There are 2 protein chains.
Amino acid sequence: MTPADMEREVIDICRKAVAASRELAAVDGKTRSACLNLMADCLEGGSTAIIEANARDVSAAVASGMSAAMVDRLTLNEARISGMASGLRSVAAQTDPVGRVLEKRVRPNGLEIVKISVPFGVIGMIYESRPNVTSDASGICIKAGNAVVLRGGSEAFESNKCIVSILDRAAVDSGLPAGVVQMLPWTDRAAVAVMLKQDRYIDLVIPRGGEGLIRMVTSTATMPVLKHYKGVCHLFVDHSCDIGMAVKVIVNAKCSRPGVRNALETLLIHRVIAPRFVPELMKAMREAGVEMRGDDEFRSFAPDAVPAVESDWSAEYLDLVLAARVVPDVRAAVDHINTYGSRHSDGILGDDEADIAYFQSRVDSSTVYANASTRFTDGGEFGMGAEIGISTDKLHARGPMGADELTSYKYLVRGNGQIR
Amino acid sequence: MTPADMEREVIDICRKAVAASRELAAVDGKTRSACLNLMADCLEGGSTAIIEANARDVSAAVASGMSAAMVDRLTLNEARISGMASGLRSVAAQTDPVGRVLEKRVRPNGLEIVKISVPFGVIGMIYESRPNVTSDASGICIKAGNAVVLRGGSEAFESNKCIVSILDRAAVDSGLPAGVVQMLPWTDRAAVAVMLKQDRYIDLVIPRGGEGLIRMVTSTATMPVLKHYKGVCHLFVDHSCDIGMAVKVIVNAKCSRPGVRNALETLLIHRVIAPRFVPELMKAMREAGVEMRGDDEFRSFAPDAVPAVESDWSAEYLDLVLAARVVPDVRAAVDHINTYGSRHSDGILGDDEADIAYFQSRVDSSTVYANASTRFTDGGEFGMGAEIGISTDKLHARGPMGADELTSYKYLVRGNGQIR
């Protein structure tokens, strides 16, 4: 296929998505939810075909020498397909994000102005290996009345093709227009580059994956991008704090799932509590198998911790490693977080209300905790049903993004001949 | 000055803005409003100095052969400075956009999640000749708790420098940190290019001006940009419609201020009403001195209209010119608008409720009118006090943007030791 042919096909896909999105914008919320439920049934009903397609991806991946952990992320089985289905059903059960009246005012001249939530239109999703993102993302996009153009990882190509064909058929069988769920039918990078230039058709692109992917999308895309960068999450142990509670929360934040973005990466400790707190912490961390890297003051209470170097303060370890630093007060803790953090999730552990207020108002992150684990930054835990990602941007959506965050708004103005 | 020196100075300005924004985020709304009122007083008190500085800009502009219309936009006098002051006072009087509780929920595990509006941080404003934007933009940014880095047009450099020094002094005198209002102290393009790469410090850039400026900013900036593109606004005269009302609204939308974005550019007319409507329209347009450009069907009722060509359908004339087309129904009108429009402001004139509903739900524009002039798309008319622009983006803010739209949000999560 020549580059010109590919470009033409990408544009055809985008145009079909725009046409579908215009029809979809007028489809009521009940029909959209029914579509998601039918998609869930059809995924379960089609599990044999999906597992067969997935097996082709998996054997190609194994043959190419992919790591066992990556092969596991790629592999689908009955249980995982049921998980995808129940994800769709939980999104279906959420309140309709479209048509919410966000504001309503009547002006002195009699004009009635209603600000109402509307779908974006067409959303592009660019993601890596896990094929469950194909159904999760499609479900959330359709729930919010958007058409979606998907481009998953090449290693999951056969799985994604099978899943998309099932989702597309279910959409049409639910009375939705054809083309609400489409994927790019090629695995090479050139097609993504073409897709990322179609700002005339695609309203928003969401990349999900490693930092490399996100930087590629951000630098190539001509349409707005909602970014989900890394999570360098902090907890600050304040001067007055229930040490048992703090240790329990830290163990959870660091160890319950170290490979995720909302896991703890750096611990800050108030100088006053350090002598009592650090020995308790070290005991728990040794038991959990966590490698500690500390500054000099931390290491004066924990001689077996590794000396931390400058790069530790901005490291997203995604592993059983924790950086620790002793600070003089809450101000220094906030400065550290705003300097080295990633604006994702950070928390304070303590009972000094003035310090909690200072910390929560000053830390410039999507989610700022007091006395809870950073692991709660998640659409499901926030009660959104599901999430399409955790935005580390400040524009439009910040933190966990559900279907509500995949809407824009418009103003409907009603008059009886007003002029200005 | 070497490029490296300039880059260092730009970065210093940005860092100072970040430091100021962190302090400003903790300043209460009363203090921010008091600051705006003091700024207003100081502008009026400093009007002699401003007018002197402005006179230097004006004589340089006249010497360079600037058009009389442009010189007029550049010129300040007592009345215009009073206008800038009253703009600041009206923003000061608005409800505080910061700290609004947008959502609040308690999860089954007892976690309390509060979604609260917060300032963005640092906003960059890039604009052209009118010096009143300097105070308008500064006022709205500070009202929303943001520091601002300004880069106005080079032809207004002396005026802007004087205004910024007055605003900065008033901010400090109100107890705000130094650096909440700064401007780039150079007039060349190289400094703007450096500024647009400082995504580490500037959270959002807003360009205001012609399409060329906006495209330059969008293609250069590494931080998010809120765009304010052109306005190709439409009115659709439906099959059943009070013809007198329609003509009055059209005259207002086209003629009350033809050079602005929310002025009418294309008129669509239902085939059924065209024979009765077009002659009335032509009479009013002749009286108002408007040049009509029509398709063949329109010209069959208006022989003296100029034949329209394809480029007329996407033209933003900003002048006393109006394109007109006869369409078979509301569907064709909506298709035309979604194809050729600029997603700014469009309206339907008529009394068929089904057509109004179809039009308002399907037209993909920031503001969709029924029976009113498109000229109302304006922050003041919407009751926002003032606006920083009209967004033609769908992400984050759409339509008129006031101080509320210059906030982001964060989640404050409160627990008592919850783990996941």
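Buried residues make up 59% of the 420 residues in chain A, where buried means under 20% relative accessible area, exposed means over 50%, and partly exposed lies in between (1.4 Å probe, protein chains only). The model is predicted: local features need pLDDT of at least 70, side-chain atom pairs count only at pLDDT 80 or more, and totals for chains, interfaces and linings use all residues. Residues are numbered from 1 along each chain as its sequence is written, chains are lettered from A and ligands numbered from 1 in the order in which they are written, and side-chain values use heavy atoms, with hydrogens and water left out.

**Stop 1: chain A as a whole**

Along its principal axes, the C-alpha trace of chain A spans about 70 × 65 × 40 Å.

**Stop 2: strand E4 of chain A**

Next, select residues 147–151 of chain A, which form strand E4. Of its 5 residues, 5 are buried, so the strand is largely enclosed by the rest of the structure. Ala147(A), Val149(A) and Arg151(A) point one way from E4(A), while Val148(A) and Leu150(A) point the other way.

Look for Met125(A), which stands opposite Leu150(A) in E4(A).

**Stop 3: Ile202(A)**

Select Ile202(A), in the loop between helix H8 (189–195) and strand E6 (204–208) of chain A. Is this residue buried or exposed? At 0% relative accessibility, Ile202(A) counts as buried. Leaving aside neighbours within four places in sequence, Ile202(A) is in contact (heavy atoms within 4.5 Å) with residues including Cys14(A), Val122(A), Ile123(A) and Met223(A). Ile202(A) and Ile123(A) are 79 residues apart in sequence, yet 5.9 Å apart in space, C-alpha to C-alpha.

**Stop 4: Ser138(B)**

Move to chain B and select helix H6, residues 132–143, which contains Ser138(B). Ser138(B) counts as buried, at 0% relative accessibility. Not counting residues up to four places away in sequence, Ser138(B) touches Val133(B), Val148(B), Leu150(B), Leu167(B) and Val181(B).

How values were computed. Helices (H or I, at least four residues) and strands (E, at least two) are DSSP runs, numbered from the N terminus. Two strands pair if DSSP finds at least two bridges between them.
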